[in-house]
Each structure stands twice: as structure tokens, then as C-alpha cells.
Amino acid sequence: MTVSLPPADELTVAGRRMRCRISGAGPAVVLLHGIGRTLDDFTAQHELLAADHRVVSVDLPGHGGSAPLDAPHTLPALAAAVAGFLDAAGVDRPAHLVGNSLGGAVAMRLAADEPSRAASLALVNSAGFGQEVTVALRLLALRPLGRLLLRPHPAIARRTELAIFRDPAYATDERIATALAVARQPHAARVMLELVSSLGTWRGVRPQWRGELLDAVAALDVPTLVVWGDRDLILPATHLTAARSRLPRARTHLFADTGHMPQIERAEEFHALLREFWADVDRP
């Protein structure tokens, strides 16, 4: 099995390499992946949306092919890095921010910190709506057990991919190879442990940053769509109920028989949902 990242482009931002993919023309769309993942989780959506949007996918700092930060990797640090990347990419108008898992929290933090950057938010099985999270991530908060669990190994990579999808057919050899390539980066374990410790404990996701962030997003005048897969083993679908409570003006959608990544398992339906949502956002 080849262990390498799929080809993509690069931009240098504040002296650091950031792996990215930019294509298409039209209103800007920014696609943000989850913890320990890469922009490749949005490949299908990137290709669909680039027909009439300028689509920007990026590996978050310390993820995939993007260099790590000098400072600790925290939610505000990732959001600030994405802002710098968007400046370097020439995205100078409000963009549709789409984030999966950790990427949803990054999108919310970016919108809260710099509202002029967000035309809308699409939060996909997003972190930030509840304490519950898969045991695998909670165990990473226990050192030195965390470092032990983050050792690159094909069996661990396969098990992780199988947990992400409801349909095991999506846990392809290519996705497992990408996961191994990510895990073998020399900084990968440090970045994961910094993020896990800043966002949660062995008990689950910390309530302090969640409460502050959701209050800030609720106060924004930004159209928001929250979607979930009903068979998510990473962040349970009960978080969608919390999203409806904390963001009462948001649209919501629950995908049936779907895991943690509806943008992959329900690519066409997810794409249609985004297009319908944005059509209403853009309507005068």
C-alpha cells in the first residue's frame, strides 16, 4: 500500500507551507476538515462545487501536508491560521464556510472572531455542541497513553476509517493510506495531543469553550445550516438536538443511515442541500 498524501497545491503563509486545493470561479466556498484529517475528506464536494464556485480546501496547520504552528495548536490558533491562509489565497469577500467535525468548530471560531469573513456557516457533524465524543479521542487525553495510541499502524488506521463511516465500503485502501501518511508526519502526535488537551479531557469535550463559542455564533447575523449523520460514532447525533436549542435560527438536517462524514457517504444529497441553502442565503 502506498503511504503518501494525494497530490494538491501549496501556499506559503507567514513562512509556513499550507497544503491546499483551489479551483473554480464564483462565490467563495471554504472547506475545513476534522481533527487528524486532511482536505481529502472534501474531495467529492470540492469537485461538485467548483462548477460555479471558487472552492478553497486546506489542510489545517499540523495536519496532512501543512506545516505545524510554532505556538500550541488550539481552536483560536487554527482559526487565525485559516484567516491568514484566506488572505494569501486572495479570498477578500465573505465566504461560505463549511466545516466537518473540528473543522465546524474552526469555522464557527473564525466567524465569531472575524464576522466579515462569513457569508454563511455549514456545520457538518461539528464539534462544539456536546460533551460526548468517541472513547478513542477521550483516551488521547491520558498521557502517556495518548502517544501510544497515536503510533502509526495500518490496523489502527483501518479501525479509525471504519468508525467514521456507516458503510464500510468507504474505508478504502486509499483513505487508509492517507491516514497512515498523516500519522507518520513527525509532528502529528504532538499536534493531536495539543488539540485534544485544549478541547477536552478524558471525560469528554470541555464545556467552557463550547458555551462561549455557541453564544458568540448565536449572536451573529450569519445564516447557518447544521447537519448530522444519524449513525455517527464519533460525535453522536443527539448533538443535533443541542444545536437546535443553542442556534434556534439555524436550519438542520439529519441524514439517515450515515456516519461522521455525510459529505462523503451522501455526497450528492449533501451537495444539493448546500446549494438549496446557499440559494436562499444569496436571494435578495
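I count a contact as heavy atoms within 4.5 Å. The model I am reading is predicted.

**Entry: the cores.** I then asked which residues have the most contacts inside the largest nonpolar core. They are Phe85, Leu102, Val106, Leu121 and Phe129, in a core of 55 residues. Helix 3, residues 102-113, gives the most to this core, with eight residues. I also noted a second, separate core of 17 residues. Phe42, Ala50, Val98 and Trp278 are among its members.

Entry: Eight strands form an open sheet in the order 1-2-4-3-5-6-9-10. The pairing is mixed. Strand 1 (9-13) and strand 10 (251-255) are the edges, and each pairs on one side only. From one strand to the next, the twist averages 25 degrees.

**Entry: strands 3 and 5.** I checked how many bridges join strand 3 to strand 5. There are four, between residues 28-32 and residues 95-100. The two strands run parallel. Val30 stands opposite Leu97 in strand 5.

**Entry: a helix on the sheet.** Last, I followed helix 2, residues 75-88. This helix lies across strand 1, strand 2 (16-23), strand 3 and strand 4 (54-58). Helix 2 runs at about 110 degrees to strand 1.

Technical notes:
Residues numbered from 1 in each chain as written. Predicted model: local features only at pLDDT ≥ 70, side-chain atom pairs only at ≥ 80, totals over all residues. Heavy atoms only, no water. Pairing = 2+ DSSP bridges. Axes fitted to C-alpha atoms, helices over the stretch in contact; angles between N-to-C directions. Core = buried A, V, L, I, M, F, W, Y, C linked by side-chain atoms within 4.5 Å. Buried < 20%, exposed > 50% of the residue type's maximum accessible area, 1.4 Å probe, protein only.
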